[in-house]
Amino acid sequence: AFDVTVVGSGGTVTVTNDVGGNINIGQSAVANAITSAVVSGGLAVAVRDRSGTAAATGSKLTSVSIDGNAGAATLTGDGITSVTIGDTNQNATITAAAGTRTLGLTVNTVTGGVITDATATTVNVTSTGAANTVADLAVAAATAVTLGGDKALTLTTTHLGAATGLTVAGSALTTVSGYNTTNKLATVTVTGAGGFTSDLSGQGTQVGTCHGRVLRPPWAEIGR
């Protein structure tokens, strides 16, 4: 096993480490202009935008794809709007400055792990490849969350601290097994053909809609 370290560079950076070891991109205080990072394999993965003044965190990095990592992933950049996570059960943390930002999150054959983005204000999750299970979707600042895709998605628990609305738009079944915040969803909207399974009885007096039909709690399964 050996570590891979990328210092500086710009544009698209692609790193493959099939023999283990950590992958570090932008971890030294050296300026970079990376716009996207594609990482395959490795243990822990750390990717950081260094396009700011004096190599501080900047916003040139917009897209990160990680696949097959055997350790936690830490992705840092104020402009990150697209993250793909595949073939792993490890935690992933996206760190960005507070402000309006939409995160497009794609999961592909994910079998566990906590995915955290504390500052994204809108989060759109796409489940693809094979059935995906995320241990916790922790998106504290997101006021709107959409769950979709063409493969089954299970969220074992969630931290939706600011969410007022949840939209389920997938063509495969979406399951949310827990809501681990005091925040109450105001609306739940199911538009996808896959349906939605969840116990929403603790979510207050919100109104749900399923293909235009108004649903009120308590309900555990809608759209199927």
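This is a predicted model: local features need pLDDT of at least 70, side-chain atom pairs count only at pLDDT 80 or more; totals for chains, interfaces and linings use all residues.
Residues are numbered from 1 along each chain as its sequence is written, and side-chain values use heavy atoms, with hydrogens and water left out.

Let's start with Asn-69. You'll find Asn-69 in the loop between strand E6 (63–67) and strand E7 (73–76); strands here are DSSP runs of at least two residues, labelled E and numbered from the N terminus. Is Asn-69 buried or exposed? Asn-69 has a relative accessible area of 3%, so it is buried. For that word, buried means under 20% relative accessible area, exposed means over 50%, and partly exposed lies in between, using a 1.4 Å probe and protein chains only. The side chain of Asn-69 reaches the backbone oxygen of Gly-71 at 2.7 Å. Not counting residues up to four places away in sequence, Asn-69 also touches several residues, including Gly-41, Leu-43 and Asp-87; contact means heavy atoms within 4.5 Å.

Now for another asparagine, Asn-132. This one sits in strand E13 (residues 132–138), and Asn-132 is buried, with a relative accessible area of 1%. Which side chain does the side chain of Asn-132 make a polar contact with? The partner is the side chain of Ser-127, at 2.9 Å. A polar contact is a pair of N or O atoms within 3.5 Å; within protein, one must be able to donate a hydrogen and the other to accept it, and residues adjacent in sequence count only if both atoms are side-chain atoms.

On to the alanines. Ala-54 lies in the loop between strand E5 (45–48) and E6, and Ala-55 is in the loop between E5 and E6. Phi of Ala-54 is near 55°, a positive value in a residue other than glycine, and phi of Ala-55 is near 65°, also positive. Ala-54 is exposed at 76% relative accessible area, whereas Ala-55 is buried at 7%.

Finally, the core. Nonpolar side chains tend to be buried together in soluble globular proteins. The largest nonpolar core has 48 residues, and among those touching the most other members are Ile-25, Val-145 and Phe-196. Such a core is a set of buried Ala, Val, Leu, Ile, Met, Phe, Trp, Tyr and Cys residues joined through side-chain atoms within 4.5 Å.

Note on methods. Helices (H or I, at least four residues) and strands (E, at least two) are DSSP runs, numbered from the N terminus.
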